[in-house]
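Take a look at the model below.

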Amino acid sequence: MTRNTPPSAGRTVGARGAAAAVPRVVLRPSVHHALWAYGFLLPALVLFVLIVAYPLAWAAWLSVHDWPFFGVKRYVGLGNYLRLAGDPLFWQSLRVTVTWTAGVVPAILVISLPVAVFLNAGWIRLRALYRTVYFIPVITNAVAVAFVWRWMFDPTFGIVNWALGMLGLGRPAWLADPRWALPAVMVVGVWKQIGQAMVLFLAGLQTIPQDFVDAARIDGASPRQVFWKITLPLLNPTLVFVVVILVINAFRVFTIPYVMSAGGLQARTPGGPLDSTRVFVLHIYDIAFQRFAMGYGAANAFVLMLLVIAVTLIQMRLIQRPFEY
Amino acid sequence: MRVRALWILCAALLLVAPTLPAVAQPPVTIVHWQHFHEGRANALRGLVQVFERQNPGIRVQTDLPPYEQYFAKLLSSLAAGTGPDVFQIAMENAEQFINAGFLAPVPASVATPEFIRDNYLSWTTERFRRGSQYYGLPTDVQHLVMYINDELAREAGLDPAKPPETWDDLIAAARRATKRDAAGNIVQAGLDTRYRWAVYSSLLYQYVEGPVIDARARRATYDSPQGIAAWKVAETLLRGPGAVDSPRFLPGQRKWEFRRAVFYINHPVNRSVIAALAPDIKYTIAPIPRVAGKKLVVPGHHWAYVVNAKSRNVEAAWKWVSFLTSRTGQRTWMKNAGDLPATPSLLPEEPNAVVRDSLRFVRPVDYVGVCDPIRNDLWDAIALTTTPVEQLVRAAAEKENACVAEALK
């Protein structure tokens, strides 16, 4: 790379014998800066191409091919995408994923926001302890947690049914019952993510200027009014971020349903009983790595990606509110 | 003087050179994959040690993924061209792997077709044969037997020495042994049906007289009247107040090994699981029940060790497979894992008379491809829904037809 120097400066170097014959490239400052910038970006760009762009392009290419692992690849155009419409398992997994999202995301919001507001209050003692307790599920290994919950939900000897029995309530078969398996797994999904949303809300709450809250109180606003008229509107950017992250997580959920519905010499992909916990990523895994239809699996994965993008854009459109301090 | 010494040294090196590569050559490493099984894992470790001692130039590196992930890992690696040198596949996968060109044929230097024909039970090699060429050697040879927890059986007023002989007998005995709580929930199963495959295969291969899966016609026949009759027995076992087990009872858990079930249909290899997990259980092994008025039929199943067609160490790989399936290898599997021998002359070494005798009644399963999940789901649907069995069976058979056609295309 050549330094950006005025033409006159180039002549002093050019005066040295043979080197004078080589014309010097003089770059404008903007080009010079851009080259440096791209130079620094290059390592990240190479990584991005290698681990994101190339696999994505490969998956897109695969999605228009029929490739059973046991056979040769065959171009089928949009055949795999058209096949989705008539596949009951696709619709079942979509139904389960939407149910999961519609249940888990609002539940996390409804629990984590009040907890964050509570833990943000000045009068709370042992605040650090509470924050740690709520955050522990986030850092706990998902597989281990799912196993423990599986035992807790055991219909005959699990602690959940024991507690329900003590209260005189019914004892569902939970993970062994197609009607109750998904709610049971969703409980774990909520429990696991409350801490993460809470921490994000806490960070958001601490960016709200205290002056606004004080001014509202001086004007006679009740705590409820402060929350609804000051806190919540000013928390909107955090709320949007949390909702978007939670919805993306919900569409990509895999580990908890996989582990909680696995086991028992089923010789099948988890997601049972009777596909009642077959979330979309489990469906993709089943198609691609258990039924070995890689092309069709890739088409399903692309549909999931498009769904996530579409849902994210719609959410941002619906809940994002522009404001200025 | 120095030049002469140099010449002498060069001449000496030339003389010694032919022996040098053998000394300096690094050992060949064979990568071996098979799915994890409590009993077979220990046996394999022992076999690796013996083989490496006998073959100092070959190292065996084993990987035992859980069954649930085994085929996903295996096929991904084979498709990527990075598969293991040696791996095991089930008999129902033979056609797909051979047709896909994934397998190297057994070289005559390891075993001639005549040797294979003469030394192994024919049903344990047949699915791996194309013409006169074989593509795998048998391992994990299994049929089905019935385990009875002696103590729990006596508690229920049953005599383990007089096991139920027919399905009707078993249903009656299992009902006596099933315990329920005040709300009617099962707290002790009469028959542990966790291993669905074992129970429905025992039924299907006894009730259906022709093929259960007709590979030529590429269709499942278990929606025939005989097949429906078999699934109706499953309904009796699983539905209503007379059910002897339920997927709702200890879902996914080893009920029998946890002393929560009296009868259990499984392979002889389960003896090693019991030895590892519940060594204190006193149990009796009985033949599986038969259909009243008919002779006993026992479903037989096996896996095979095969060599990756793309292996760079085919010769060493087959040497390892040959050792695993040799008489020494089979004795180790029999003793440590509870497997059956593939070589008939080793059968007298099987200590259990029922296990030994049941082999005479074996009818090898004719399942094709990765279609077990369809039948397992059918089992669950019978247990967990009230949909008429005929309707469920027909829907499952249709799915299996598509699965078989896909596997054989």
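**A sheet in chain B**

An open sheet in chain B has 5 strands in the order 9-10-13-8-14, with mixed pairing. Strands pair if DSSP finds at least two bridges between them. Helices (H or I, at least four residues) and strands (E, at least two) are DSSP runs, numbered from the N terminus. The edges are strand 9 (179-180) and strand 14 (283-287) of chain B, and each pairs on one side only. Helix 8 (residues 167-177) of chain B packs on the sheet. This helix touches strand 10 (186-192) and strand 13 of chain B, and its direction makes about 160° with that of strand 10 of chain B. Axes are lines fitted to C-alpha atoms, for helices over the stretch in contact; angles run from 0 to 180 degrees between N-to-C directions.

This is a predicted model: local features need pLDDT of at least 70, side-chain atom pairs count only at pLDDT 80 or more, and totals for chains, interfaces and linings use all residues. Residues are numbered from 1 along each chain as its sequence is written, while chains are lettered from A and ligands numbered from 1 in the order in which they are written.

Within the sheet, strand 8 (residues 145-149) and strand 13 (residues 261-266) of chain B run antiparallel, joined by 4 bridges. B:Tyr147 has B:Tyr264 in strand 13 of chain B as its bridge partner.

Now the interface. 25 residues of chain A are in contact with 27 residues of chain B (C-beta atoms, placed from the backbone, within 7 Å).

A:Thr156 sits in the loop between helix 6 (142-152) and helix 7 (159-166) of chain A. A:Thr156 touches B:Asn185, B:Val187, B:Phe249 and B:Leu250, not counting residues up to four places away in sequence.

Methods:
Contact = placed C-beta atoms within 7 Å.
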